[in-house]
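Hi everyone, thanks for coming.

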Amino acid sequence: MATQASDIALTPSAAARVASVASRQGKPAILRLSVDGGGCSGFQYRFGFADAPEADDTVAETDGVRLVVDAVSLNLVRGCAVDYVESLGGAAFRVENPNAASGCGCGSSFAV
């Protein structure tokens, strides 16, 4: 069974963006964050929509939108917040990760 935890957070801005995109695509408002090896700094964040949380997922909910993270990825992003930011450089989900010792300029990869 998926667990609720304060180990991860989804900001209201990110929740609103997920809800908007999920509605247009006819998908549930569930954003999956996972971590893969690679990227310029060693690890990279991956985002995608999920149909439902998996049994070992940690789940955070904001405004009816869920953020899910698998158990392996959680070890690298524990304490993080996922935000949605718009700037002159573009718009993207951004992970504020307290475990990251460094990151790349684009914000999609990090090192621990």
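**Salt bridges, a helix and a hairpin**

There are 3 salt bridges in this structure, a salt bridge being a side-chain nitrogen of Lys or Arg within 4 Å of a carboxyl oxygen of Asp or Glu. Before I go through them, a word on the source: this is a predicted model, where local features need pLDDT of at least 70 and side-chain atom pairs count only at pLDDT 80 or more, while totals for chains, interfaces and linings use all residues. Residues are numbered from 1 along each chain as its sequence is written, and side-chain values use heavy atoms, with hydrogens and water left out.

Okay, pair one. Asp7 makes a salt bridge with Arg78, and their closest N and O atoms are 3.7 Å apart. This pair links distant parts of the chain, 71 residues apart: Asp7 is in the loop between β1 (3–4) and β2 (8–10), and Arg78 is in the loop between α2 (71–77) and β7 (80–87). When I say helix or strand, I mean DSSP runs numbered from the N terminus: H or I with at least four residues for helices, E with at least two for strands.

Are these two tucked in or out in the open? Here's how we call it: buried is under 20% relative accessible area, exposed is over 50%, and partly exposed is in between, with a 1.4 Å probe and protein chains only. Asp7 has a relative accessible area of 24%, so it's partly exposed. Arg78 is partly exposed too, at 34%.

Pair two is Asp57 with Arg32, where the closest N and O atoms are 2.6 Å apart.

What else does the side chain of Asp57 reach? It reaches the backbone nitrogen of Glu54, at 2.6 Å.

Arg46 sits in strand β4 and Asp36 in strand β3, so the pair ties together parts 10 residues apart in sequence. Arg46 counts as partly exposed, at 41% relative accessibility, and so does Asp36, at 31%.

Now over to Asp70, in the loop between β6 (65–69) and α2. Asp70 is buried, with a relative accessible area of 18%. Leaving out residues up to four places away in sequence, Asp70 touches Arg32, Leu33, Ser34, Asp56 and Asp57, where contact means heavy atoms within 4.5 Å. The C-alpha atoms of Asp70 and Leu33 are separated by 7.9 Å, and the two are 37 residues apart along the chain. The side chain of Asp70 also has a polar contact of 2.8 Å with the side chain of Ser73. A polar contact is a pair of N or O atoms within 3.5 Å; within protein, one must be able to donate a hydrogen and the other to accept it, and residues adjacent in sequence count only if both atoms are side-chain atoms.

Next, helix α1. Which residues of α1 are buried? Ala14, Ala15, Val18, Val21 and Ala22 are. They cover an arc of only 135° around the axis, so they're on the same side of α1; that arc is taken from the directions from the helix axis to the C-beta atoms. On the other side of α1, Pro12, Ser23 and Arg24 are exposed. Just after α1, Gly26 takes a positive phi of about 70°.

Last stop, the hairpin. β5 and β6 pair in the antiparallel sense over 5 bridges; two strands pair if DSSP finds at least two bridges between them. Thr58 stands opposite Val69 in β6. As for β6, 4 of its 5 residues are buried, so β6 is largely enclosed by the rest of the structure.

The hairpin has 2 residues between its strands, and Asp63 in the turn has a positive phi of about 50°. Most residues other than glycine have a negative phi. Asp63 has that positive phi although it is not a glycine. Asp63 is also exposed, with a relative accessible area of 67%.
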